[in-house]
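Work through these backbone exercises with the model open. Each task is followed by a stepwise solution.

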Amino acid sequence: MSEIKPRNGASSYQVEIKLRPDYTDAEGQGALGLLHSLGVNTAREVRASRLYELRGALTSAQVQQAARELLCDPVTQEFRMFNGHTPVLNGMNHWRIEVWLKPSVTDPVGDTVRAALEEMGLAAAESVRVGTAYHVTGKCGRNQLEKAVARSLANPVIHRFTVTEAPL
Amino acid sequence: MTVAAPEKELKTVEKPKVFAFNALSLKDLKALSAESLWSFNEAELLAIQAHFKAQRREPRAAEVETLAQTWSEHCKHKTFTGPIRYNDGKKTRLIKNLFDETIAKATKQVAKPWCLSVFKDNAGVVAFGKKWALAYKVETHNHPCAVEPYGGAETGVGGVVRDILGVGLGAKPVLNTDIFCFAPPAYEGPLPEGTLAPLRTLRSVVAGVRDYGNRMGIPTAAGGIWFDADYRLNPLVFVGTVGVLPVWAVKKEIKPGDLIVTVGGRTGRDGLHGATFSSANLTDEAPASAVQIGHAINEKRALDALLCARDRKLYRAVTDCGAGGFSSAVGEMADGLGARVRLENAKLKASDLKPWEIWLSESQERMVLAVPPKNLKALEAVFSAEGCELSVIGEFVKSGRLVVTFKDETVVDLDLKFLHKGLPRVERTAVWDVPKPSSKGAVTKLKLAEILQRCLAHLNVCSRETIIRQYDHEVQGGTVIKPLQGVRHDGPGDACVIWPHAATGDMEDLSGFAVSHGLNPEYGKTDPYRMALACADEALRNLLCVGADVSRAAFLDNFCWASPEDPHQLGRLVRAAEGARDAAIGFGVPFISGKDSFYNQSKDVNGKDLPIPGTLLISAVAPVPDVSKALTMDIKGPGNALYLLGWTSEELCGSLYNEVCGLSGGSVPEVEVRSALDGYRAVGSAIAKGLVLSAHDLSEGGLAAALSEMCFSGEFGAAIDLDDVARSGSIYSNEALLFSESPSRVLLEVKPENEAAFLKCAKGATVKRIGETIANPILKVRGLDGLVVLEEPLSALKTAWQRTLPEAME
Amino acid sequence: MKSPKVLVLRAAGTNCDLETANALAHLGAKPERVHISELRSGKAKLMSYDILVIPGGFSYGDDIGAGRVFANQVRLYLKDLRQFVRLGRPVIGICNGFQVLVKAGILPLSNTCEQTAGFTFNDSGRFEARWVHLRINTQSSCLFFKGLPEMIELPVAHGEGKLVLKSPRQLEELKKNKSIAMQYVSDDGKLAGYPYNPNGSVFNIAALSNPEGNCLGLMPHPERFTSIHHHPNWTRQTFRKETVGLAMFRNAVDYCRG
């Protein structure tokens, strides 16, 4: 979870929800298949996780509560806070792909989360956006990955995406 | 990693509020139109200019935008309803209105009293029993699916479901259908920048239909896919919905003073320019804001609340917000009356929307109601209980004008007569290039078994199970005849039968309805007229095969074509429309609703225009009086007689046989309507008497494919003799008998003890016993010379049929 | 008691409520389809009903996780649900309703209201609708199964139906207190893999109940087999008079009638 304060006291947080490692990650496996079919044969494993960006006059404790009681399943998932300064380790073998809907595109899941937060008494979330992160293990080229993502996991017409060396 | 600062919201395009329009030359008008993405033609621009000159004022920006939406091909069907100068290869004549002279003419001539509402509302409506009616609509969502297939498919389903919610006073959706035309998933040729790979389009469209339909709780239980490389730049996605509504709710009537109430999703900057976008040729600069992803749960909320409010009679009219947003929805509802709209009252997704954006936004999941003021409180209570938002944005008045304001600012003040009747008609030219008779195809060296396996494995025939299972095709507990049939629930059904009484609550009523489709663009490449007849015939036969009452069938037409500005394309369209007309009149089946989509052509990598094959989808619906008498296509047991209905001629042009053997030529299957109809009546009465165990229609791959499917689905073999097939004198080859695609044929399984009664029913129809079912799981065919020409284990045939699509979609 | 009152609980996205209520009405019960907003406002009260049904669907789009938002609401607005279960009144959660019961900590029942099981995506990676063979646990005292044969067929339709448990020890506990109500099996009754087990659930679990047997959660849809014409092979076979789904609902209704 990271926090930045862009304007007038409203904060922005990111929460990442991961499937616990002992469960089959069907979404990640599907993504791996897509990358392979586009020639990224060096990718060995993909784990998918869900990203939430919460914006509003929220405290860090409130976001913790939201993650614990709403966003994260206590049995199958774990949530993590990642701040902006984790050192990049072994970047060539670990990549992180993030896919978000563009701001002009309606985010139905974000709407559901915002309403559910309100029901929990956290009415201060002004907007919630949802994204997906893919953690790719394997020696890949950035260019090749970016091209493959634009042709499979993201559609540049409605998504923005980033491919970065993964923080561990 | 640092988190990027929130991206700036999509910028509002600053439009001048008033144009300097009236003084522009035609050239400048055209430039302005192109720059503004309006898709007006010259005559339309001049008509608008003349209108405002007469008013002695310049048009406001939102007024021109409103006209652009309302006069778009998408909303006004200019090609189908405009004049066409048509040369049929011999002489030229003027078609004043193609729609009136073909589709509408057929419906008028057939004159069925059970057609309760045709062509005028959001869907066609037919009677279903005494108290209920069925509404059916099929839409296309081609351009959005080409650009963003997942979101395009979702919003396509959402849109057609809203058509059903907006027909009459609202119907409950009980069935979704989906038909796709794509390039083969393995297509590996070059594609222009921005065109998505066919496999991706296929996967994403399936996912979109699945996620929206499943979330809405509407079974997706009927459909099909057609693969042809010429759809690679312009994939087609047809989505349909059937709804049930009480007969009293078929009519809507707005009274002056009724409030204009919007319900469902909020209005945002998303989806601007959808209507004009869908009429423009697809370029790589498709406006991103025209593409959306759906919010199924918002639409489900609206559905639940709306039907509750309908039954409490809280509103007088409803329509959906589709292309053109409020401008089209309110504009249409106000036709004949007038409307006063205050946009500041609309609920918005972002507070900084410009008035014209609110007015024209195509944000999804919105409906517009006409509500008597005294019912507003009760209506608010119903919607708030479902967590569905509502806002009052104005009222209907008796002014003949559409007046839209935002606070003190006038956004639109238009004469409704001009808006709805002022569209100038442009005459188009059409030429029909009569195809040269092509000689009979050469002979293939392939063995019959090899040809059969190739047919079954072909993308246009193979099993669709991998897709169908992703759709919740049994929600609502009414899918009595399922899309997958047979011992192992995996055989290809001809049609689905829906028992919709979870919606009506009448648990003792055993009546239902069946839905089917006919589509074969391959025939149309040679002869669009015969294609149209064959499509109608196939749709009807599919209904017959599940036990529906085809004398009560109704058709829907969906034409998807390339540019109508190309006279040759338009000529083919005229032929197809005439075929549809003759089929409807001949079979006595009315068209009740339809839709068209033009400009399905784009520039390929070499900059050359690639048009899609002219495509006509005929959807059919018919009641099944007693669903407990419905049929499936799987063989039920050994020792039963196999009867073939209909004549077989050598009709192989456009056939699957030609394709898998690499041949061409021959004649396109031709429907002989009168004898076909006699056959359907005869078989229909035998089915109604319970004399038929299973029935399956013959289509792509002919007799061989149909018989294989029946056998491996039922896990019983069959032995037939080709010499017993009723055939025209000119057939001398086993190949032609096995693979010809002569229309109007159905294969039937009859118990030996019922054969006499069956034949009595079938008197007057061409019905021949061609063999019997056997316990041994093989397909055994005796040829014209009396020798066994084909003997294949069912397992090999089934494997060939099942393997293709899962492999293609991996 | 003549006609038990049934609360058929709805939320935005619930979509199997109508056919479920129809089946119950057909059996002479009095089903009421009630939106959870009415329990929030206090207009409807759980304790005034004899049976609770949480039907299938995609509550709130299953947007955060199947049934998650609805389960949080159940925790908030059906505070007396544990009491309802303890009183022995029948509770059945179907598909999405099962997911809600698990995520609300009702099944498997723990003393702390803690959620001890969960659901992840099907191993196949996609939503699937198909008929499955099921074996009812003969040791189960579940009131919904009275008189049913050991082997039955019902349809499933879900994307996120793979049941997982917190620990292997929990599985042993569930076995011991007879809480595993139904398992996915092959047509000859054996525990088998895909497609017989349509989602990859641990130990092929298709349904869980509380040890007392009045609270049942199951992924298959009994309301979709309340007429023989629902079965995929009704045109090929003959069937015993009452369908499995209807019998399950009838058991609950008869139980309330005493």
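This is a predicted model: local features need pLDDT of at least 70, side-chain atom pairs count only at pLDDT 80 or more, and totals for chains, interfaces and linings use all residues. Residues are numbered from 1 along each chain as its sequence is written, while chains are lettered from A and ligands numbered from 1 in the order in which they are written.

**Exercise 1.** Find where Glu365(B) sits, and decide whether Glu365(B) is buried or exposed.

Solution. 
- Step 1: Glu365(B) lies in the chain B loop between helix H14 (355–360) and strand E12 (366–371). Helices (H or I, at least four residues) and strands (E, at least two) are DSSP runs, numbered from the N terminus.
- Step 2: read phi. For Glu365(B), not a glycine, phi is positive, near 60 degrees. Most residues other than glycine have a negative phi.
- Step 3: apply the cut-offs. Buried takes 20 or more other C-beta atoms within 10 Å of the residue's own, exposed 12 or fewer, partly exposed in between; C-beta atoms are placed from the backbone. Glu365(B) is buried because it has 29 C-beta neighbours inside 10 Å.

**Exercise 2.** Do likewise for Glu715(B).

Solution. 
- Step 1: Glu715(B) falls in the loop of chain B between helix H25 (702–714) and strand E29 (717–721).
- Step 2: its phi is positive, about 60 degrees, although Glu715(B) is not a glycine.
- Step 3: Glu715(B) has 17 C-beta neighbours inside 10 Å, so it counts as partly exposed.

**Exercise 3.** What kind of peptide bond joins Tyr194(C) and Pro195(C)?

Solution. 
- Step 1: Pro195(C) is in the chain C loop between strand E9 (180–185) and strand E10 (205–209).
- Step 2: omega is about 0 degrees, and the bond between Tyr194(C) and Pro195(C) is cis.
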